[in-house]
Amino acid sequence: MLPVTLVVNGRANRLTLDSRTTLLDAMRNDLGLTGSKKGCDHGQCGACTVLVGGKRTLSCLTLAAMVREPVTTIEGLAGADGTLHPMQQAFIDQDAFQCGYCTPGQILSAVACVDEGHVRDADEIREYMSGNLCRCAAYPHIVAAIEQAARQMQKA
């Protein structure tokens, strides 16, 4: 067991964790943040994607004890006043989810897609987002949502 401080959604959390605890398990089990999903638990589906230091990260493959930068989860993406992030609103506007299981990881990857400048065209968006799987096949709507949100995010 070791002491770990995780800054998640702007809040410092002091935990004592087994050194093998993943970031995903620490968030879900110790912090009660269940938005990030445990899909495949092998880093192949993207359902567990969060932002660590602004970069998309597969939390099921990341040891919590190794995280030194701030973590943003789907719960922390909206504004402090509850205003949805442009990407969250675009996913609603474009009906970019069906069952919703993959949606938190899709949204956080989509934010990184825009922030890293991978939105020149639909093909580039699809390539960047290829690590996030959607079993409901909402891919055309996800691309449309990213295109919509990119316009708003790039203005800000």
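In this predicted model, Cys-113 is a buried residue, its relative accessible area being 0%. Cys-136, by contrast, is partly exposed, at 26% relative accessibility.

A disulfide is a covalent bond between the sulfur atoms of two cysteines. The criterion applied here is a pair of cysteine sulfur atoms within 2.5 Å, and by this rule the count comes to zero disulfides. Cys-113 takes part in none, since the nearest cysteine sulfur, belonging to Cys-102, lies 15 Å away. For Cys-136, the closest cysteine sulfur is that of Cys-99, at 3.8 Å, which is too far for a bond because the cut-off is 2.5 Å.

Attention may now turn to a loop. Gly-10 sits between strand E1 (2-8) and strand E2 (11-17), and this glycine is exposed, with 72% relative accessible area. Between Gly-10 and Gln-89 there are 79 residues of sequence separation, while their C-alpha atoms are 21 Å apart in space.

The helix pair remains. Helix H2 spans residues 86-93 and helix H5 residues 139-155; their axes come within 8 Å and cross at roughly 140 degrees. The two helices are therefore oblique to each other, and the crossing of H2 past H5 is right-handed. On the H2 side, the contact involves Pro-86, Met-87, Ala-90, Phe-91 and Asp-93. Their counterparts in H5 are Ile-142, Ala-145, Ile-146, Gln-148, Ala-149, Gln-152 and Met-153. By class, the residues of this contact comprise nine nonpolar, two polar and one charged.

Note on methods: Residues are numbered from 1 along each chain as its sequence is written. This is a predicted model: local features need pLDDT of at least 70, side-chain atom pairs count only at pLDDT 80 or more; totals for chains, interfaces and linings use all residues. Side-chain values use heavy atoms; hydrogens and water are left out. Buried means under 20% relative accessible area, exposed over 50%, partly exposed in between (1.4 Å probe, protein chains only). Helices (H or I, at least four residues) and strands (E, at least two) are DSSP runs, numbered from the N terminus. Axes are lines fitted to C-alpha atoms, for helices over the stretch in contact, and angles run from 0 to 180 degrees between N-to-C directions. Angles under 35 degrees count as roughly parallel, over 145 as roughly antiparallel, 65 to 115 as roughly perpendicular and the rest as oblique. A crossing is left-handed if the near helix is turned anticlockwise from the far one by less than a right angle, and right-handed if clockwise. Contact means heavy atoms within 4.5 Å. Ala, Val, Leu, Ile, Met, Phe, Trp, Tyr, Cys and Pro count as nonpolar, Asp, Glu, Lys and Arg as charged, and the others, Gly among them, as polar.
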